[in-house]
Amino acid sequence: MKLLFCGQHDWANLCNRIARALTAAGHPSRVITERAHPFGYQEDMVVDGGHYDDLAEAAMVADWLISTGDGNYELLDGLRRDLPLRADVKFGVTHAGTAFRRNADYY
C-alpha cells in the first residue's frame with residue numbers, strides 16, 4: 001500500500017512519521033505540503049504555489065491520497081484534479097496533532 005499524505009502542513013509531524021515507517025516496511029509513502037513546518041520539521045516534498053509537476057511520479061503509484069487533516073482541502077482537490085492518479089485511488093482524511101489529542105471523541 002502506497003500512501004500520499006498531502007496538506008498545507010503537517011503540524012504534529014505525524015504524517016511524516018507514518019510515511020517513514022511505511023516506507024521502511026516496504027510500502028513507499030510520501031508527505032506533500034504547501035509549506036514547511038514553522039518549528040523545523042522536514043516534509044518530504046513542499047509544493048510552491050500549486051506547482052505539482054514534480055509530484056507526478058509519486059501520484060501515479062499511490063493507492064491512497066490522504067489529507068493531513070489541516071483543513072486545506074483545496075490542495076487535496078488540486079492534486080486530485082491535476083495529477084495523473086490511478087482510477088482506483090482512494091481518498092481519506094486524517095485528523096492529527098493537538099486538535100485530535102484534546103478532543104479525540106469528536107473526531
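Modeller: What follows sets each label against its definition.

Modeller: This is a predicted model, in which local features need pLDDT of at least 70 and side-chain atom pairs count only at pLDDT 80 or more, while totals for chains, interfaces and linings use all residues. Residues are numbered from 1 along each chain as its sequence is written, and side-chain values use heavy atoms, with hydrogens and water left out.

Biologist: How many helices and strands does the protein have, and what makes a run count as one?

Modeller: Four helices and five strands. The order from the N terminus is β-α-β-β-α-β-α-β-α.

Biologist: In what order do the strands form the sheet?

Modeller: The order is β3-β2-β1-β4-β5, an open sheet with parallel pairing. Two strands pair if DSSP finds at least two bridges between them. β1 and β4 have four bridges, in the parallel sense, so they meet that rule. Phe-5 stands opposite Ile-66 in β4.

Biologist: Why is Ser-67 called buried?

Modeller: Its relative accessible area is 0%. Buried means under 20%, exposed over 50%, and partly exposed in between, with a 1.4 Å probe and protein chains only. Ser-67 therefore counts as buried. Ser-67 lies in strand β4. Neighbours within four places in sequence aside, Ser-67 contacts Cys-6, Tyr-73, Leu-76, Gly-92, Val-93 and Thr-94. Across the protein, buried residues make up 38% of the 107 residues.

Biologist: And why is Phe-91 only partly exposed?

Modeller: Because its relative accessible area is 38%, between the two cut-offs. Phe-91 is in strand β5. Residues up to four places away in sequence aside, Phe-91 touches Trp-64, Leu-65, Arg-80 and Leu-85. Phe-91 and Leu-65 are 26 residues apart in sequence, yet 4.9 Å apart in space, C-alpha to C-alpha.

Biologist: How do you know that the buried residues of α3 share a side?

Modeller: In α3, Leu-75, Leu-76, Gly-78 and Leu-79 are buried. They cover an arc of only 160° around the axis, so they lie on the same side of α3. The arc is that of the directions from the helix axis to the C-beta atoms. Glu-74 and Arg-81 are exposed on the other side. The buried residues pack against β1 (3–7), β2 (30–33) and β4 (64–67).

Biologist: What about α1?

Modeller: In α1 (residues 14–24), Cys-15, Asn-16 and Ala-19 are buried. Their arc is within 100°, so they line one face of the helix. They pack against β1 and β2. After α1 comes Gly-26, with a positive phi near 95°.

Biologist: Why does the link from Asp-82 to Arg-81 count as a polar contact?

Modeller: A polar contact is a pair of N or O atoms within 3.5 Å; within protein, one must be able to donate a hydrogen and the other to accept it, and residues adjacent in sequence count only if both atoms are side-chain atoms. Here the side chains are joined at 3.2 Å, so the contact qualifies.

Biologist: Last one: what makes a nonpolar core?

Modeller: A set of buried Ala, Val, Leu, Ile, Met, Phe, Trp, Tyr and Cys residues joined through side-chain atoms within 4.5 Å. The largest has 14 residues, and among those with the most contacts inside it are Leu-4, Cys-6 and Leu-79. β1, α2 (56–60) and α3 each give two or more residues. α3 gives the most, three. Another core, of six residues, lies apart and includes Leu-3 and Phe-5.

Technical notes. Contact = heavy atoms within 4.5 Å.
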